[in-house]
Number of protein chains: 2
Amino acid sequence: MPGENTATGPEERLRPVFAPRSIAVVGATDNPRALGYMVYANLLRDFPGRLYPVNSRKPTVLGATAYPSAGDLPEPVDLLVVLVPAAQVADVIAEAIKAGHRSAYILAAGFSEAGTEEGHSIQRRLTEMSAAAGFPIVGPNCNGYFNGYARTMATFALMPDADRPTVGPVAIVSQSGGFGSSILTRAVKNRVNVGFFASTGNEADVTATDALQYVVARPEVRVVAYFAEGIKDAAGFLRAARHAVAHDKVIVSVAPHTSPTVARAVMSHTATIVGSSDVYDAVCDQYGVLRAASVDELIDFCLVLQDGRRMAGRRLGILTQSGGAGVLMASAASEAGLEIPELSPGVQRDIAAHLPAFASAKNPVDTTAGMFPDAPRHMAAIVNRILGSDEIDALVAMTWIGNDAPANAVIEAYGEQHKPVIPVVTVDPQLVAERGLPTFADPTRAIGAVAAIARVSTRCPEDVQEFVVDAARAARARDILRRAGTNPGLLESDSKELLALYGFPVAADTVCHCADEAVSAARQIAGRVVMKALSYGLAHKSDHGAVILGVEGEPEVRKAYERLSTLPGFPVDGVLVQEMVSGSLELAAGIQRDPVFGPVVSVGLGGVLVEMLGRPRLLVAPFDIRAAAAALDELGHGRLVGGTRGMTTTQRDELAAALVGLGALGLELPEVVSVDINPVKVSANRMVAVDGLVVLDR
Amino acid sequence: MPGENTATGPEERLRPVFAPRSIAVVGATDNPRALGYMVYANLLRDFPGRLYPVNSRKPTVLGATAYPSAGDLPEPVDLLVVLVPAAQVADVIAEAIKAGHRSAYILAAGFSEAGTEEGHSIQRRLTEMSAAAGFPIVGPNCNGYFNGYARTMATFALMPDADRPTVGPVAIVSQSGGFGSSILTRAVKNRVNVGFFASTGNEADVTATDALQYVVARPEVRVVAYFAEGIKDAAGFLRAARHAVAHDKVIVSVAPHTSPTVARAVMSHTATIVGSSDVYDAVCDQYGVLRAASVDELIDFCLVLQDGRRMAGRRLGILTQSGGAGVLMASAASEAGLEIPELSPGVQRDIAAHLPAFASAKNPVDTTAGMFPDAPRHMAAIVNRILGSDEIDALVAMTWIGNDAPANAVIEAYGEQHKPVIPVVTVDPQLVAERGLPTFADPTRAIGAVAAIARVSTRCPEDVQEFVVDAARAARARDILRRAGTNPGLLESDSKELLALYGFPVAADTVCHCADEAVSAARQIAGRVVMKALSYGLAHKSDHGAVILGVEGEPEVRKAYERLSTLPGFPVDGVLVQEMVSGSLELAAGIQRDPVFGPVVSVGLGGVLVEMLGRPRLLVAPFDIRAAAAALDELGHGRLVGGTRGMTTTQRDELAAALVGLGALGLELPEVVSVDINPVKVSANRMVAVDGLVVLDR
């Protein structure tokens, strides 16, 4: 369950895999075109521990004594790296377990990805052996791992004679080996300092999420780039995300936008609106995981996050030599939710003293392309004055070339200041990048990366919620659920009672079983009432004439009761008499279950236009009232709360609390498949659900 | 006026500038660090016409006889390239005009961009001289131009000893010289074949839009990358756009998202929703101009468009060696509106014959990373089978490296086929790029570029509209406008009459000046009516109790008349009795004037939730019923038309026709500042405006 916080993760279990003191390469060979050569040669170059080649047909490999099998090694090793053909792998693992070796990384292919019965069967055996012996297995069908902090390169993702990455605080974890190594290659090319890379392939045992948990806990790691086609292990993923936020680290995820792991939509009425990647987006939002739209963006984010600098707010300073580029950047920044505050008169005066008369000191600070005398001194003064003020939280500085006075001033200021400083160099960015600054060629991409720093900087460890089951409440809830017998859903009256139990305000109503009861109930409410037929067979009441609005006075009530209680085609289990509720605004809320992340609460604009009003906001339970209020603040393009026609902030907080209750309902009652509340009516002084449908797992 | 179609553009006038037979460089010098050297040396290297250095202090420049002034040249030249200090420029131009030279490109800086009175004053003189003599001037404060088709490099954007771009079908036009040259540099680095580059700087005379019109008409040009901070000359821009669509060329525009040239919002009720860049977006949409979000994207688009290939539809084939990357690309493609059709069983069978058993032939076609025997032959067969089928319109093919069998099969197929083929090569893309294919390293960016091809391929020359004023209708309209006297807006009754004249359906109503008239009007309508006070002082009637809904029967009508005709605080000019219109859907429509592009018609979801329902769709007049219908199809996330609760297609077409009428109103009556129609009520069998406000220019 997502809310569950496992005290221990896979870190200790994976220590022999990722930080081994001894390694044996099964399938090591002298043939320079074989993968078994590449991995062994890669390890040989740098690995500080004990390294053994295993080769059944050769006495030596690259000059070292080779052992015929894993069982013949002189000591139990921490890790076996396995590169022999698939058909031999199960035997190798069996022998390894017997010999007391501690883990295996299987790089060989030909298992379940091969689509053959034999491949599936061998992989199942691996899973069974791993589980039975508590023996960690990574792979098969992957390309290994690289742990620069432990000088261990057990992969063929890089050639043995290739330059090694500059080891730094960025880790890459990818289920797909091929795609992961392309991320690695491009990251290194773009001067991202990668200290760790792991691919998990078919995941017979260890998953990408396990590797993520392992690596995010390493003290050397600040940023983890994470690629997986879908999340299998929600608890592990959330545990890693919680650890990251608590330790001010960042997980950046690139993922396909439509995950095959989720088939159902989130709001039953709006099947086409919400797909599962929206749930994943909501999880990332709530748990402070950055979502990158492309590999380029993933690398951009790693590049600016690897120095660990943070922004105190969302205020960006822009320094440019081109007015056009300045406007382009300012526009992109404001689209990305950053602020470009006009600098205070004092700061502007100080900067203007160093600028030509026709330049602008406001922000963007535009020096213009016209060079001025004594440029180095002036540029340094300008850059330092902007960065030194408490009016901006980060600086993007654009220059044409990478080795002139403006660029050098930026490079120097980067070394002296602690705010994020992002150079944009249009002609030769590599000249600045090689000085260690997070350098961009494209101004718009630089802005996108700053926005990522801002998002990370405003995360709160408290965003991460724990949930405790209220057993007494759950017991009362189950008394209500039982009334449905074997029916798939609750009656409206019972649905609303359940909602009320979890703190969701509902319209006042009475279930009546004769006309006299209805008359009396209507009299109690006073004024016009709504009357509805209750029936387990009726999912969409208004489509079957089962709702009569605006009933007033005894004769009308009796007539309505007569009609509703004899509705053709449906056994009627009572007639509901409910107060008429008016509202200037209609919302819809609900719960659905994501197969990965569990109960998801949705809230959006509602009523008849629900299908046209865009995507509802999603909240993955558990979440707190602050998260719910923030979601409501973003509804209706940010105009739902506080606008002339929307909700007051008091109503927003009341609804936020009700949504937290829905989350509790979803967590406490796993047998509830979905809840659909539509509409929730909001008027000046009230907010109340007038219909509700709870569906159970049958 | 945007609708106006000037028969002749600036092409002929700019011929001496951009395709000169003779050039003099005023300020040419031997000093290799001077701009006057760089430009002269750049021209000297390649220019096939007659080239003269002008230098007042030296007898020769780089070995050629120098002339002391523009007046001393041996012939009237087509173009003077001017690089002397600002203070001397006006004299140079005066002398040039006197000597019969034909045009000037002023690269010198120090004019209005300097912010000094002197700078402004010199630039004004240039503008005046140009206008008086019909003498074309480009600049000042720019970095010149490059016309590879005419071997003319009159710019310092590239060094004289630098490699020249491979001349090809891409042109770059930028108002900003600095930003333009950074686009040029990065385009060339990314193997975009640039044949033309021009910067227009301060635009004392010739604008970027003029240069755009010139270059889009060149037969060698297929794609124009266009950067301007704002469009000054709507007619010229639209003329260029029309030419591009008619000749199957493409203009790609990168522009800041919030243009400073536009201050007003498009819908008066929703001031914060629509900014001017939305108008520019709408123009680009309607006129087939591609809008790029960044310089990277601009270059991506140029890269895939330079070979001129088009898609017959939106169906994309994806070939990958990585399942993960395949899903990522498929997801990005479907977000971008492309289709990834599953290949037919026959094609799948043919492909599967060449694949390992565990690979997928569906689409994405995933060969998996596992190499198979005889890979070259199989890969070629697969690529050709996909491209040769009539089931896909373009292919994105991902490989890890650039010189293996899969990559070579893609390179070969590119040469043999005519559909767009986009290789994605994650490790060494340059190996494929240098073979002339539009090659990407990032899979998501490749998909974005294919989406651009698809957009361009589906443009219609008929999208481009001409508008003819209907003088008789305009005269009748002005009779209605005159009723307002000196008031800023029309009464609701007159507003609706005007709308009806232009074909917009309005609710039936009668203006009454006594209670008897009101009773009689209500009787004619039958059933309940709405009564409203008419007053020039009342902009928001319902806020002042000036609207009474559901009035029925003579006593109620008389009471309502009494109340409305004596509304405190406002002189009442009559009472409107109107039919009650019910509708399941409320829309809002209107006209506002964009200072650049003129009348813009907006349409969106309406009623009380208008502020929350996102951006309305915009249509820049003139537009046809097809464009209006397409805009309505996109409203409400594509669910307004055809859904269970929205409009029928008949109603959509009826509303589209009404919007075309609004466009005509805006074009025919420039004195109408804005029209606000809210709501338009839509029910099962009707679509009608129940309120309208026409505001006039006072």
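Please keep in mind throughout that the model I am showing is predicted.

With that in hand, look at chain A, where helix α16, residues 471-482, and helix α17, residues 492-501, have axes that come within 10 Å and cross at roughly 175 degrees. α16(A) and α17(A) are therefore roughly antiparallel to each other. On the α16(A) side the contact involves R473(A), R476(A), A477(A) and I480(A), and these meet D494(A), E497(A), L498(A) and L501(A) of α17(A). Sorted by class, the residues of this contact are four nonpolar and four charged, with no polar ones.

Now to a pair in chain B, helix α9, residues 295-305, and helix α15, residues 443-457, whose axes come within 9 Å and cross at roughly 60 degrees. α9(B) and α15(B) are therefore oblique to each other, and their crossing is right-handed. Among the residues that make this contact are F301(B), L303(B) and V304(B) from α9(B), together with A449(B), V450(B) and I453(B) from α15(B). By class, the contact of α9(B) with α15(B) has nine nonpolar residues, one polar and three charged.

Finally, stepping back to chain A as a whole, there are 21 helices and 28 strands, and the C-alpha trace spans about 100 × 80 × 35 Å along its principal axes. Of the 698 residues in chain A, 57% are buried, and among contacts between residues at least 6 apart in sequence, 71% join residues at least 24 apart.

Definitions and conventions
Residues numbered from 1 in each chain as written. Chains lettered and ligands numbered in written order. Predicted model: local features only at pLDDT ≥ 70, side-chain atom pairs only at ≥ 80, totals over all residues. Axes fitted to C-alpha atoms, helices over the stretch in contact; angles between N-to-C directions. Helix = DSSP H or I, 4+ residues; strand = E, 2+ residues; numbered from the N terminus. Parallel < 35°, antiparallel > 145°, perpendicular 65-115°, else oblique. Contact = placed C-beta atoms within 7 Å. Nonpolar A, V, L, I, M, F, W, Y, C, P; charged D, E, K, R; others polar. Buried ≥ 20, exposed ≤ 12 C-beta atoms within 10 Å, placed from the backbone. Left-handed = near helix turned anticlockwise from the far one by under 90°.
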